[in-house]
Amino acid sequence: MSTFIDYMVVFVNKFNWFILYYVLLINTVYFILFLVSIRSLYIDRQKKKYWSYEGMVASNYTPPLSIIVPCYNEEKTIIDNIHALLSLEYGEFELVIINDGSKDQTIEKIINQFDMKKLEMPYRKKIDTKEIKGIYLSTRYKNMLVVDKENGGKADALNAGINIAKYPIVTAIDADSIIERDSLAKVIRPFVEDPTVIVSGGVVRPVNDSVVDKGFIEKARLPKKNLARLQTVEYLRAFLFGRLGWGSINALMIISGAFGVFRKSVVIDAGGYTENTIGEDMELIVKIHEQMRRNKRQYKIVFVPDPVCWTQVPEKLKILKSQRKRWHKGLMDSILNHKKMLFNPRYGVVGLLAMPYYLFVEMLGAPIEIIGYFSFFISFWLGLISLEFFLVFLSVSILYGIFLSMSAILLDEYNFSKYTKISEYFLLMLYSVLENFGYRQLNAWWRFTAFLGYRRKNKKWGEMTRQEFQPEKVNVK
């Protein structure tokens, strides 16, 4: 019995050291991404001195664009969002709204508001989708189409939009999202500057409690709810460090489904969005990487830090839990679907760096973190590790996370200054500390349970409660 206990003590001690080294390794990777991101932000800042979005909009070299908006039960916000999209500052574009079998009044509201007339419109079905029940053209806006189809999930809706889109560049924007007036011109810039660019994406920020009027952001405000504020810190860190860092070495593995721009031919060649996954945005990017690397074609998938898309984030734990578990299962889908790319030099930096990162850090990080917490606390309680060792672990795992979050906030304020009040940035700094004491661990627990309960072939949209956007109230005396 004593021999078994001795073996267990040795095992636990070795495991604790493994956890400590694992956290150190992850933080080293984060720090490298941090340095790369600072360099990329500096380069982007220099480019802006010689470029204006007004010139991009007016240029004959700016390609026409098809804006695809999949929607499912979006009756509360869809009308304002369509008005905003129709008013975007961009040369030539069409707006294709895909109603994916909504159960509420989404399609009826759109038809009535925009005077839609049903068409007998032929189109080439390059990607297989669920049956389309009708295609409608607005009599008021000749560049606006609405597609009413059977429910098939978000990926199926996006594929239907790609089939019908007439322009060579397409952008997918979530129906609950708001993009700034100049965002399209900014995110399309890489396509004009470099013919090898095939995908680009921008920053996504929480819109909760910002002033929105007629589908546009009139005043950016920090959300009032604690949960939304914590997510604001999270989004800033993820986009300014993670995606900017990976994008700078052409190893970006995900373009947000809320705001991405693609060459339509590349999406079609990749087979479109995958239906039997709930991480269709990441899955498409990984498929494109695989296809382009396999065919030895030159290409770039880029992240542009300036164009902003604003989206509603969950304000209730139940909805946030569902979202995060769905995201983690989508990540697992993509890693397992393309496991042959792991450590495969054929796929360059994607196979040798990006895929291993997403496997060992993003996919397995939550289980290791949760097990590590239990191991350290039990070991400390049983006296197997010293107080000094325990404090080193907490310092490495928590203090460095605070440093990265605060750095992201400072970089955001220096480069973009979306929030006008300096007090809002001080609040964000406070929440960058608070997120490490409960919120981060809760997120890890949700991802851990998603890991344990993972099942493939799940393609449900998931539920997200929408709030109607409210313009700022003016007091009249």
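How many of the eleven residues of helix H6 are buried? Nine are, so counted with buried meaning under 20% relative accessible area, exposed over 50% and partly exposed in between, using a 1.4 Å probe and protein chains only. H6 covers residues 183-193 and is mostly covered. Its buried residues include Lys-186 and Arg-189, along with Val-187, Ile-188 and Phe-191.

Before I go on, the ground rules. This is a predicted model, in which local features need pLDDT of at least 70 and side-chain atom pairs count only at pLDDT 80 or more, while totals for chains, interfaces and linings use all residues. Residues are numbered from 1 along each chain as its sequence is written, and side-chain values use heavy atoms, with hydrogens and water left out. Helices are DSSP runs of H or I of at least four residues, strands are E runs of at least two, and both are numbered from the N terminus.

Now the helix pairs. Helix H7, residues 226-248, packs with helix H10, residues 317-337, at an angle of about 25 degrees, and their axes are 11 Å apart. Axes here are lines fitted to C-alpha atoms over the stretch in contact, and angles run from 0 to 180 degrees between N-to-C directions. That makes H7 roughly parallel to H10; the term applies under 35 degrees, with over 145 roughly antiparallel, 65 to 115 roughly perpendicular and the rest oblique. From H7, Leu-227, Gln-231, Glu-234 and Tyr-235 make the contact (heavy atoms within 4.5 Å). H10 contributes Leu-317, Leu-320, Gln-323, Arg-324 and Trp-327. By class, that contact has five nonpolar, two polar and two charged residues.

The second pair is H12, residues 365-382, with H13. Their angle is about 160 degrees and their axes are 10 Å apart, so H12 and H13 are roughly antiparallel. Tyr-373, Phe-376, Phe-377 and Phe-380 of H12 meet Leu-387, Phe-389, Phe-390 and Phe-393 of H13. This contact divides into eight nonpolar, no polar and no charged residues.

Asn-415 is also in H13, which spans residues 387-415. Asn-415 has 15% relative accessibility and therefore counts as buried. Leaving aside neighbours within four places in sequence, Asn-415 is in contact with Leu-41 and Arg-45.

Last, the record. An unreviewed UniProt entry lists residues 20-42, 341-360, 366-384 and 389-410 as "transmembrane region". In the model, residues 20-42 are 100% helix, with end C-alpha atoms 33 Å apart. Residues 341-360 are 65% helix and 0% strand, with end C-alpha atoms 14 Å apart.

Methods: Nonpolar A, V, L, I, M, F, W, Y, C, P; charged D, E, K, R; others polar. UniProt positions renumbered as here; feature names shortened; annotations may be inferred.
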